[in-house]
Amino acid sequence: MKIRDIAEVLEEWAPLPVAESYDNVGLLVGNEHAEVTGVLVSLDVTEAVVNEAAMLGINLIVAHHPIWFSARKRLNGEDYVSRTIISAIKKDIAIYACHTNLDHVHSGVNQKICDRLDLRDTRFLQKKTVFNEESYGAGMIGNLAEPLSKTDFLAKVKSAFHCGGIRYADTDKTFIGKVAVCGGAGSFLTQEAIRQNADALVTADITYHKFFDNEEKILLLDIGHYESEQYTSVLIRDYLSEKFINFAIRLSEVITNPVRYF
């Protein structure tokens, strides 16, 4: 088994051209022709994750978030990014990122969020045309089995994603039935969610002024970036385990969320 074999299977699921132009996806560190001793799946790549892989004898980390986005002029250990890259190279550990390309497929990050909320009849919130077809999109929207009061809905979300707290902008609506979701920073979809008559949008990384965009027409929830995407690792692990039945695919035990609540 080569690293390229793992990459090809991931790219059949989440093609690289589907990623946003600013993104940095695919094999970021390592030789695609190297033999794989195991795969460790994590939301982020940190020094602790690299050390975990080395301790387990695993030489390929598959992460949702790229360890870096823009060009870097130095790898001198001055920050965690360069230290992590240096450590991975020294330990001969490859790093693969599957980010916005996985956000944009129907069975990807946002469907996993829908599953956690028990949403039905899910579809893309905003379609994205790639390869001259509309098989990809940003965010998803679906329906709860039964409408919930705002309080009950907030409690359901908090429980489903183990949130330390939820920041939200309120709405005059009494019940929540149709729900839009977007893992990570998804406030750019607020108006589209309103246009499609969603009662709530569950996302993260909402700035103060962006909360005003709900215009009290929709319950706008910021549940935290890590919290919204934490189950992506499980999604990737399960997918690879189905494709490589007799191969070691492990979930990282490192909690990479840097945010704490007091």
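Leu240 is in contact (heavy atoms within 4.5 Å) with Ile6, Val9, Leu10, Val39 and Ile249, leaving aside residues up to four places away in sequence. The model is predicted, so local features need pLDDT of at least 70 and side-chain atom pairs count only at pLDDT 80 or more, whereas totals for chains, interfaces and linings use all residues. Residues are numbered from 1 along each chain as its sequence is written, and side-chain values use heavy atoms, without hydrogens and water.

**Nonpolar cores**
- The largest nonpolar core has 49 residues, and Leu117, Phe153, Leu221 and Leu240 have the most contacts inside it.
- Helix H1 (residues 3-13) gives the largest share of this core, 6 residues.
- Apart from it lies another core of 17 residues, including Val50, Ala63, Val81 and Ala88.
- Such a core is a set of buried (under 20% relative accessible area, 1.4 Å probe, protein chains only) Ala, Val, Leu, Ile, Met, Phe, Trp, Tyr and Cys residues joined through side-chain atoms within 4.5 Å.

**Largest pocket**
- A pocket is an open set of points on a 1 Å grid over the protein atoms alone, where a 1.4 Å probe fits, with protein on both sides within 12 Å along at least five of seven lines; lining residues have an atom within 4 Å of a point.
- The lining comprises 10 nonpolar, 12 polar and 7 charged residues.

**Second largest pocket**
- The second largest pocket has a volume of about 210 Å³.
- Of its 14 lining residues, Tyr226, Gln230, Ser233, Ser252 and Val254 lie nearest its centre.

Notes:
Buried < 20%, exposed > 50% of the residue type's maximum accessible area, 1.4 Å probe, protein only. Helix = DSSP H or I, 4+ residues; strand = E, 2+ residues; numbered from the N terminus. Nonpolar A, V, L, I, M, F, W, Y, C, P; charged D, E, K, R; others polar. Points joined across faces, edges and corners; volume = space filled by probe spheres on them.
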